[in-house]
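I opened this model to look up a handful of sites one by one. The entries below are in the order in which I checked them.

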Amino acid sequence: MSMRKTRKAEHIDLAIQYNEQTKSEPWSDVRLVHHSLPELAYEQVDLSTLIANRNWPVPLYINAMTGGIQEAAHINRSLAEVAKKHGLAIAVGSQSAALSDPKVSDTYRIVREIMEDGVVLANVGANVAVDDALRAVDMLKADYLQLHLNFPQEIVMPEGDRDFRGVAQNIQRVVDASPVPVIVKEVGFGMSMEVYQSLADAGVRVVDVSGRGGTNFAWVESRRRKDKTSLFDDWGQTTAISLLEGQAFLERMQFLGSGGIRTALDMAKAISLGASAIGVAGPVLRLLYRGGKEAVETQVMTWLNGLRSVMLALGATSMRELQSVPVVVTGETRDWAELRGIDLNTVARRVRHRLRT
Ligand SMILES: Cc1cc2nc3c(=O)[nH]c(=O)nc-3n(C[C@H](O)[C@H](O)[C@H](O)COP(=O)(O)O)c2cc1C
């Protein structure tokens, strides 16, 4: 097996073992304001969302995980089958393996085959050559291109990159050349207003914040090392903080919320902080291994029904309305926001848009 193939298989094994039970409850600082008079019926709740002007039937996607080995092809097939059945979008894992060895393209293409005309996201590193980015999109006839930023993971990997110069400029080149919208994403370390500013300057209009609180790739990588460094085990911004950091950019950018989103309530909270859709990665992989496709499907239905129920309780008929409900942020998240000059009073006191009566 090549180094990359070994790494892919190890990532899957470690992500399955990853035990999130030991982590603190990342969303407890964010509270939605209960509305005792929602004046709304369940059937009125509309889960559709617009991402860079394309309609998604539900605001949920399976985030980038794998490809490049046979085990990955099975995972991608099963997850794509669930995504297709329930209207989810789905991303493949980094396509770098197929860019250097076209023989493994099928392990990614299976996703497009199953999804037919559903929403599929290509995935490559943000320092990709422009031609390779275009090949990755073409390989899947992808609807969007995810460019991932994973530098703490690279630093922890013995064989990882150490030179992160020129990445923003490269992103701009890819945005200019890409036939589909580009989504810049983290891999579990979250983002900041400084990064959003650079991405906005590079022409990026959609960002997946992928914050701290869920799968931690530095932990995964460190388990592959003999010395098991814990340097970045607690590194980065939570998904809630990453979304709060984006408040000043909501007119110019769309945010996707991912990283540690585990329940329908987490989803509603992330949307209320500005996310237009929600991504999950680690949990669906673990469910697939422990309970098969049926377990993933049951969980997806629980998430979507739960999100509808929370929207009903808040009196929010649409994503737009859920994005404008009042939300109260306390604790460490509040401390962070206040010191960073993010206005939490406005989000706590805002009056929800009413699009339908
Ligand atoms: C096994 C595994 C492999 C991953 N591989 C990739 C990848 O190739 N490209 C990428 O952008 N993100 C990758 N990720 C990161 C996820 O897309 C996501 O950003 C991160 O896991 C946080 O979401 P979660 O807490 O729901 O798992 C991977 C995650 C897992 C669990």
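**Entry 1: ground rules.** I am working with a predicted model, in which local features need pLDDT of at least 70 and side-chain atom pairs count only at pLDDT 80 or more, while totals for chains, interfaces and linings use all residues. Residues are numbered from 1 along each chain as its sequence is written, and side-chain values use heavy atoms, with hydrogens and water left out.

**Entry 2: the binding site in the record.** I looked up "binding site" in UniProt, an unreviewed entry, and found Arg-7, Lys-8 and Gln-153 listed. UniProt positions are given in the numbering used here, feature names are shortened, and annotations may be inferred rather than shown by experiment. The listed residues are spread over 147 residues of sequence, yet they cluster in space, with a largest C-alpha distance of 13.7 Å. Arg-7, Lys-8 and Gln-153 are also in the lining of the largest pocket. I noted how a pocket is found: on a 1 Å grid over the protein atoms alone, it is an open set of points where a 1.4 Å probe fits, with protein on both sides within 12 Å along at least five of seven lines, and lining residues have an atom within 4 Å of a point.

I then took two of these residues separately. Arg-7 lies in helix α1, residues 3–17. Helices here are DSSP runs (H or I, at least four residues), strands are runs of E of at least two, and both are numbered from the N terminus. Is Arg-7 buried or exposed? Arg-7 counts as buried because its relative accessible area is 19%, where buried means under 20%, exposed over 50% and partly exposed in between (1.4 Å probe, protein chains only). Not counting residues up to four places away in sequence, Arg-7 touches Met-157, Glu-159 and Arg-224; contact means heavy atoms within 4.5 Å.

Gln-153 sits in helix α6, residues 151–156, and is buried at a relative accessible area of 7%. Leaving aside neighbours within four places in sequence, I found Gln-153 in contact with His-11, Val-187, Phe-189, Phe-217 and Glu-221.

**Entry 3: the ligand.** Which residues come nearest to the ligand? Of the 23 residues around the ligand, they are Ala-64, Ser-210, Thr-215, Arg-262 and Gly-282; a residue counts as near if one of its heavy atoms lies within 4 Å.

- A polar side-chain atom of Thr-215 is 2.5 Å from a ligand oxygen atom.
- A side-chain N or O atom of Lys-185 is 2.8 Å from a ligand oxygen atom.
- Ser-94 uses a backbone N or O atom, 2.8 Å from a ligand oxygen atom.

The ligand on its own has 610 Å² of accessible area, and the protein covers 96% of that. These areas come from the Shrake-Rupley method with a 1.4 Å probe; for residues, only the protein chains shown count as cover.

Entry 4: The unreviewed UniProt entry marks residues 169–324 as "domain: FMN-dependent dehydrogenase". That span is 50% helix and 12% strand, and its end C-alpha atoms lie 34 Å apart. Helix α11 (residues 264–272) has eight of its nine residues buried, so the rest of the structure largely encloses it. Among the buried ones are Asp-266 and Lys-269. Just after α11, Gly-274 has a positive phi of about 120°.

**Entry 5: Asn-63.** Asn-63 is in the loop between β4 (60–62) and α2 (70–86), and is buried at 4% relative accessibility. The side chains of Asn-63 and Gln-146 make a polar contact at 3.0 Å. Beyond four places in sequence, contacts of Asn-63 include Lys-185, Asp-208 and Ser-258.

**Entry 6: Arg-112.** I found Arg-112 in helix α4, residues 106–115, buried at 15% relative accessibility. A polar atom of the Arg-112 side chain lies 2.9 Å from the backbone oxygen of Leu-140.

**Entry 7: Ser-242.** Ser-242 is in helix α10, residues 239–245, and is buried with a relative accessible area of 0%. A polar atom of the Ser-242 side chain is 2.8 Å from the backbone oxygen of Thr-238.

Key
A polar contact is a pair of N or O atoms within 3.5 Å; within protein, one must be able to donate a hydrogen and the other to accept it, and residues adjacent in sequence count only if both atoms are side-chain atoms.
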